[in-house]
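Here are my notes on the model, point by point. Have the structure open as you read.

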Amino acid sequence: MASGKRGNGTGKAQEETGAERKGVKELAQRACEVMAGLGVGYGDVRVREDRHESIAVKNGRPEQVTADRSAGFGVRVLVDGAWGFFASHRLEHEAVEAVVGEAVEIARASARLRGEAVHLAPVAPARAQYETPTAKDPFAVPLEEKLALLTGASRAMKGPNLKLAEAFSAAYEMRQFFESTEGARIEQRIVQTGGGIAATAIGGGDLEVRSYPNSFRGNFATGGWEYVEAMNLAGEAPRVAEEAEALLAAPPCPEGKRTILLDGGQLALQVHESCGHPVELDRVLGMELSYAGDSFLTTEKLGTFRYGSEQVTIAADATVPGGLGTFGFDDEGVPAQRTPIVEAGIFVGYLTSRETAPAIGRTSSGAMRASGWNRIPLIRMTNVNLLAGQAGRLEDLVADTDDGLLMMTNRSWSIDQKRLNFQFGVEMCREIRGGRLGQMYKNANYTGLTPEFWASCDAVCGPEAWRLWGTPNCGKGEPGQTARVGHGVSPARFRGVRVGVKA
Amino acid sequence: MRPAERESRLLETAERLVRTSPADETEVLLAEGRAMLTRFSANRIHQNVGAEEAWAVVRVVAGKRVGVATASSLRAEALDAAREAALAIARASEPSADWPGLPEPQPAKAVDAWDGATADASADRRADLAGAIIASARAKRCEAAGAVRTDDGALVVVNSRGVAAAGSQTQATVHAVATREDGAGYAEGTAVRIGDVDAGAIGRRAALKAVRSRRPRALEPGRYDVVLEPAAVAEWLEYLAWMAFSGKALEEGRSPLAGRMGEKVTGEAVTIWDNGLDRRTIPQAFDYEGMPKRRLALIEDGVAKAVATNYAVARRLGKRRSTGHALPATSAGECLPMHLFLKGGRSSARRLVAEMKRGLLVTRFHYTNILDPMKTVLTGMTRDGTFLVEDGEIASPVRNLRYTENVLEALGRMDGASRRLVLVRGPYVVPTVRIRGVQFTGTTEF
């Protein structure tokens, strides 16, 4: 059932929301009545509104501020064991019949080229409300206040070669009412907030970026503006600028096979690309083959395949407070849950849906999410977390390393369509000699094959270094969808990794 | 709904919003349409979706302070709310000293980019196309995965300086990956008119490649001459556009062309231009500020000639006019060329392979990303049909390889290109090319 807490909107807003809510529920109910009348095998409707605010500050002044609002409803039906989906921006009762009719017509066309009929894993129809907590609703915080924080941070980044001193924030609100012909009725409000800074130094035909707390516009979580305030962006800004300048003068990372330590931001993306995506069961079953690809983690490997060393335990957990992939129910009405993925190095679980879970004899892991009212839910990562080990803090792991490289903050990522061969670039790299950080390198990267790489993991830092990272730009599906997902990690060490690939 | 009727309704809606705006300047972009997509895998349709969508982008300027807000509805209250939200942003923001104002109207040439049969294509029609691909795959004992997509949309841009541009576009796009055992092959097709897409032939091409790419052998990484098919060429162009051809990247010093305009930046065989008016692409008459599209030479005979701009970037770069490459006002990137062409040569795809002593034939790339934007260094994998060529013949399929390469330099080593240019999703219009010594830095297990 529902978890999380009710929000803190103003009285006026609640009053308006009350009227809107009633209309939304009536529309959803009407859609289910029409679906039942047309004799669909299964049907669901999501009435959804998304708000998004994006702020970008460049060189001390606002570069771009946008406020997006998107609302509509999508109807998904199973007819003759085949899927159809149609969605409309027309949030009107008069549109419901036509939209359901289009979904049914599409499903009938699917049935012409159907394989085995779709059978959905059972789920108890939930009637619930869920809301993520916020201390400071990011949409209620005055824009002037948000701009002041970001311009302050931007202005605190200075340097002779610093061409871009950028600060960002973004806030997302998703309100959704889900109703199914099985009787589920679920109302959710999820608020996500994030931000960060980036210093770009350019000179001598080179460009170096240093970011905080993460690259590509920062870090993100479910929560409110308090999350951005706690980042101390202005306080970190001088260091970030200095490091960008220092990188410009640093030598490139030498080529070789080395011990590497990955910081949290980089390790989060490593988990995302080399574990999160290959355990999506729709990929494994070929449903994404022509676009993002499939997976090396085929079903016969479940329960036996050695994915990594004994240090490696990974779980997908949609219930972690604050995770960017945290929610109450997925977009099929399945409750958020924790799913073991890798246990002491052995591959044990997938991210699944009601359609795909029966292929491995299980029920849905509750991972189906749509990026908006106009898209179908797909299997998406929740918070795919590398569990903490026993290697203490990052400083302790550095001290425990005789000869290695510390790779920090992602700059570039690429991986093959079965998720085996990867290559990641990082913003900054530091030599480790005798347990101490030394020489800085720029343009560092590392490459490998997923199972070999995770098998080489010999230490994971402890709970004191474990934190959540948000990936707000996870792409999948056709038409394209962008999901916001989370990864909890603490830094880790890998042996014998190829580094310094050059063009 | 027919295009003229829809465009005039959208124009009226946008003009009302501009006319009644209290802001110093107002720009309204309205888009409306239907996007339908049928997806198949393992020879069956497994996802089948459609949506009717509307998108409004309102940009207002108050005392040189700019605000942008969007809505997904064309209803008056939603549009008024978006304008109000944009105004609130502008008022809370700071004046932009170099704000040049919204652009003045410029005459745009009409393009033929709309087709009734594509706009009206039913789920059954898309299933027919999927079925044709699957039948082609089955004939070669392959399984097919892919998608059939049809889009119909109208776009209008109106601003308070008198811009009032309207246009409609349809597009039909098909792509397929055929697989048989450990072999995979890819083919695609895209056109304004669904009748111009031959799904059966696309299925046959993909299936033929799948059959030929079975039992790939492992190949050591290293430098290989390559023949890149159009989908692979287009992927490099896409990333070059991001890194090099945006006026904003040039202005910020992030472009590898910064400070090198008029200089030779790659080989003489390389000529790249953008042209939204060309019938060979998916034409578009104007950009997202309503400025006319025209041919823009980006690299000519290896020499950097120009970058793409919107109006504000053009003025900041000291130009009088936009090149007609504005992105919607919601985009921080501001401008990008989106109808790229690469000049062809005098050869054919077949001859490029036949003349190669030893090298690789690459169908397409996967998961390309930027390692070093200033040096245009990309990395990515090959996918769905990679072959070793020896003495002008395909000797064997090979396992996929990772490349890490400076692509502007690599294009400079192009020693042959097909005369025929092919329209690839994006849209890009490109030849098959042969390049000497592309660096492959890793391999995978399939």
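Helices and strands below are DSSP runs (H or I, at least four residues, for helices; E, at least two, for strands), numbered from the N terminus. This is a predicted model, where local features need pLDDT of at least 70, side-chain atom pairs count only at pLDDT 80 or more, and totals for chains, interfaces and linings use all residues. Residues are numbered from 1 along each chain as its sequence is written, with chains lettered from A and ligands numbered from 1 in the order in which they are written.

1. Two cis peptide bonds deserve a look. In chain A, the bond from E478(A) to P479(A) is cis, omega being near -5°; P479(A) sits in the loop between β21 (467–476) and β22 (481–489) of chain A. Chain B has a cis bond from G426(B) to P427(B), with omega near 5°, and P427(B) belongs to the loop between β17 (422–424) and β18 (428–430) of chain B.

2. Next, positive phi. Most residues other than glycine have a negative phi, and most peptide bonds are trans. F216(A) has phi near 55° and lies in the loop between β7 (206–212) and β8 (219–222) of chain A. Is F216(A) buried or partly exposed? It counts as partly exposed because it has 18 C-beta neighbours inside 10 Å. (Buried takes 20 or more other C-beta atoms within 10 Å of the residue's own, exposed 12 or fewer, partly exposed in between; C-beta atoms are placed from the backbone.) D384(B) also has a positive phi, near 55°, but this residue is in strand β13 of chain B and is buried, since 28 other C-beta atoms lie within 10 Å.

3. That strand leads on to a bit of sheet. β13 (residues 377–390) of chain B runs antiparallel to β15(B), joined by five bridges; strands count as paired if DSSP finds at least two bridges between them. On its other partner, β15(B) pairs with β19 (residues 433–443) of chain B, antiparallel over three bridges. β15(B) itself (residues 401–406) is mostly covered, with five of its six residues buried.

4. Helix packing in chain B: α4 (residues 123–139) and α5 (residues 199–212) pack at about 35° with axes 7 Å apart. Here axes are lines fitted to C-alpha atoms, for helices over the stretch in contact, and angles run from 0 to 180 degrees between N-to-C directions. The residues that meet include L129(B), A132(B) and I133(B) from α4(B), and I202(B), G203(B) and R204(B) from α5(B). By class, the contact has 10 nonpolar residues, three polar and one charged. (Ala, Val, Leu, Ile, Met, Phe, Trp, Tyr, Cys and Pro count as nonpolar; Asp, Glu, Lys and Arg as charged; the others, Gly among them, as polar.)

5. Between the chains, 64 residues of chain A are in contact with 73 of chain B, contact meaning that C-beta atoms, placed from the backbone, lie within 7 Å. Strand β2 (residues 61–79) of chain A gives the most to chain A's side, with 12 residues. That side has 28 nonpolar, 22 polar and 14 charged residues. β2(A) also runs parallel to β3 (residues 65–71) of chain B, joined by two bridges, and A67(A) stands opposite A69(B).

Conventions:
Two residues are in contact if their C-beta atoms, placed from the backbone, lie within 7 Å.
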